[in-house]
Amino acid sequence: MEKKILKDDTDRVDGILKVTGQAKYFAEYELPGLTYGVLVTSTITKGKITGLDTRAAENAPGVIAVVSHLNKPSAAAYEQEGGPQMKIFYTDKIFYNGQPIAIVVANTFERATYAASLVKATYAKEEFNTDFAKALKDPKAKKLQGQADYKRGIENAYKTAEVKLEERYFLPIETHNPMELHGIIADWRPNNQVTVYAKTQGVKATQGTIANVFKIPMENIQVNSEFVGGGFGMALRTWPLEIATVMASKHIGKPVKVVITRMQMFTMVGNRPAAIQTIGLGADKDGKLTGITHRAYGETSTYENFTEGVVNMAKFMYQCDNVNTSYAIVPVDLGVPIWMRGPGEATGAFALESAIDEMAHALDMDPLDFRIKNDPETDQQKNKPFSSKNIKEAYKIGAEKIGWSNRKNKPGSLVEGPWQTGYGVSVGVFNANRGKASVKGVLKADGSLLLQSATSDIGPGTGTGMTLIANKLMKIPVNKITFELGDSSLPPAPSQGGSATLSTVGSAVNDVCVALKSAIAELAANSNMDATANFVEVLKKNNLPAIEVTKESQSGKEKDNYSMYSFSIHFVQVKVHALTGVVKVSKIVSVGDSGTIVSPKTARSQMLGGAVGGIGMALTEESIIDHRYGRYINNNFADYHVPVSADVPEIDVNFINKPDPYINPMGAKGMGEIALIGFSAAVANAVFNATGKRIRTLPITPDKVLA
Amino acid sequence: MKPSDQKPNQGDSRRDFLKKSSVITAIALTPGIAVKAAENNADERFAELFEKIPLNLTVNNKAYKALVEPRVTLLDYLREELHLTGTKKGCDHGQCGACTVHVDGQRVNSCLSLAVMNEGKKITTIEGLADGDTLHPMQAAFIKHDGFQCGYCTSGQIMSAVACIREGHTSSRAEISEYMSGNICRCGAYPNIVDAIVDVKEGGATV
């Protein structure tokens, strides 16, 4: 396995803290007088709470309070009409099974847990439906437009094509399941001063939500979230359970800590919604695409609409004059979904990239040749050139590394004993986002540089990337640079989502470093020093302990002139057992085309992680509901299968590593999403190549392989 | 969850009774102003008298003597009582390995072990693995091979990895993967973790 393609081998800057157990996650802060909250949840799926008996819980040892809709403290925004429908503790309505209905606070975790079991609710039950597929078939069930319909050229042109196909693809609910359980520590002090230790992908977003709900000034709220034990999208909003914890702290005047259970991770903090998609593809006999139709339905909740970019990719990924898409959402009685890594694009890519493979097969073409033949030079949707795109080069690198020449176009050709071998390929693409962020830089006479921004690190290595950007510009050693994040009092930055952090915050780091360098040059000139003098000498000569600069950075006009995307190619080899239907991913080659790679070591790890997440999406992950009760039945790690070490083969990660000239000063585009987008289709395509069996319903479990 | 149709008083337990009687006693014996305090202290007094169990154990070569409720897991005891938060809670069901510690040298899911079951035992957590400021070879190898991203499963992975070598389950990458499959990493650092273990094994350092 070739591991080090890029030279820079800088270790993760917070590595020592993480391997020694010193990195502090939200639940690990010791506050004087800390209490423990445990949530009581609804045992019905839809209806109203008619009675809540909290007496036994209140009398239980160590219990300080039970807070519910009966005695909640004021949350000013919830007292107004309108606003969010899920006004926790301001409603007696039940929207889904497992909805928090009370919080029991005690002086130990065990006492709170026991007392929570003593709270008794009575309900008026109503009819419900948690089955998305059933709702889709029901003509009376609501279907809401999730995205404006798109049309280029002739609608449904595939229907009259020389070669055509129309297929449906099914995705189940997936659950993010970061290793760290969700929760929060909330400390509401007199005069409405609030400090929280949160698990969040955005400290400013958490600060803003608390300010909005309780109608208190932003500056009253301090959000701390230095280390986050994974998010994958689920920590992109402040959940009702967090508001409940803040209310509990406000009610008792002490800090309250809530850490939810793994079971509650399935119901309280969102999921990747189920989806049913139809793809229609038309091509001429030479293999040119003549029509693409992508129609998708996604699941949402009854109390809040959730949409994502399921049909985005179909609009620009392939050269085709006739494209139309539609996307609707269908409410069911479940908790509201939230973006999960790769979000809607990963859902859409499974369908589109499977269909592309199916069309190549129908044309008797190599699926790689088919993709190359239909690769667009410009973005037909936006009618703009791509800022940078090196897909053909990526195809070539990946094909060589996986040994694509060993693949036979006829499925089921490679058999060795009971094992059938197959090869699959797919493409991933995601918008190369860049937002607006501020960074403060303090250059000190002791030779160090401190950088600060209210951004987050849920795992990709934000601090490492930012440090390397500064290191390259300032020529200051990595161990002399500190990047502080996860603190709402620092200069503002957006939430960590949509693969935008390096591009957004990194640009501000760049601008700060440029400003610091020119400030030093000016100081040097003013004190008759050489323009290239070391900043330590310049500062000392001027009797300055430090200089500081704060810069806000965002895209210029370039973003209007170009279509900016990150791309990935996933090649997989699978082995399918003919008798048991077991699928083993035996080799992976991923190629990332995301501009300059700023931090090679952590970038490679991100690609590995996307592939591992992709194995789960393709082969094992499905949150299963018993629709008679509206409850998840596999809401734990023994029954909801995420990949473990034995499921993961060698993964060969490659980067094109060519700067994008327009996106930002580093030429770097995001890559957290593309690491996963499309991967599941590569597996499905490989399973088809191995067996001749096309599986359009994820996950690809043995029963489906054998059916 | 309790069925919703139970009568309110059925949930009252022996402890509720003790608590209520303690309040009555307190009211009888003390001036009104002290009632609330007495009520709170009563909880602790009764817990200590009737429900806490003495525990002696060694954690990272330090002896601890404590009174703990028998329902407290070793994991919660380490995290909430001793504030050794390097050991992580990922599922509380023994399904993810984030809470892996060594008990008398064996790797154990500390969420599946009650604290009181560890009387007289020697526990090693991630905080006790390094030799002062010198990292354990496995910790250094995890940094070198980037065997983590978010870092939340890392303590458990490292404790498991050390045990994996001590147990002799490192003859191949496949065997390492098999014996490390009780430790989930949602960020997907598995190939790097295996690299780290192979590196330490081949380096021949005593683990």
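## Residue A:R631

A:R631 lies in strand β27 (residues 631-632) of chain A; helices (H or I, at least four residues) and strands (E, at least two) are DSSP runs numbered from the N terminus. This is a predicted model, in which local features need pLDDT of at least 70 and side-chain atom pairs count only at pLDDT 80 or more, while totals for chains, interfaces and linings use all residues. Residues are numbered from 1 along each chain as its sequence is written, and chains are lettered from A and ligands numbered from 1 in the order in which they are written.

A:R631 counts as buried because it has 20 C-beta neighbours inside 10 Å. A residue is termed buried if 20 or more other C-beta atoms lie within 10 Å of its own, exposed if 12 or fewer, and partly exposed in between, with C-beta atoms placed from the backbone. Leaving aside residues up to four places away in sequence, A:R631 touches A:N97, A:I625 and A:D626; a contact requires C-beta atoms, placed from the backbone, to lie within 7 Å. The C-alpha atoms of A:R631 and A:F266 are separated by 9.9 Å, although the two residues are 365 residues apart along the chain.

## Chain A as a whole

Chain A contains 17 helices and 28 strands. Its radius of gyration is 27 Å, close to the 27 Å that the globule rule gives for 707 residues, so chain A is as compact as a globular protein of that length. The radius is taken over C-alpha atoms, and the rule is 2.2 Å times the number of residues to the power 0.38.

The C-alpha trace of chain A spans about 80 × 75 × 50 Å along its principal axes. Of the 707 residues in chain A, 61% are buried. Among contacts with a separation of 6 or more, 81% join residues 24 or more positions apart.

## Helix α16 and its neighbour

Helix α16 (residues 679-691) of chain A has 13 residues. From first C-alpha to last it reaches 19 Å, close to the expected 18 Å, which is 1.5 Å times one less than the number of residues. Because 13 of its 13 residues are buried, α16(A) is largely enclosed by the rest of the structure. The helix is followed by A:G692, whose phi is positive, near 80 degrees.

The axes of α16(A) and helix α8 (residues 343-362) of chain A come within 8 Å and cross at roughly 35 degrees; axes are lines fitted to C-alpha atoms, for helices over the stretch in contact, and angles run from 0 to 180 degrees between N-to-C directions. The contact involves residues including A:F350 of α8(A) and A:F688 of α16(A).

Notes. Two residues are in contact if their C-beta atoms, placed from the backbone, lie within 7 Å.
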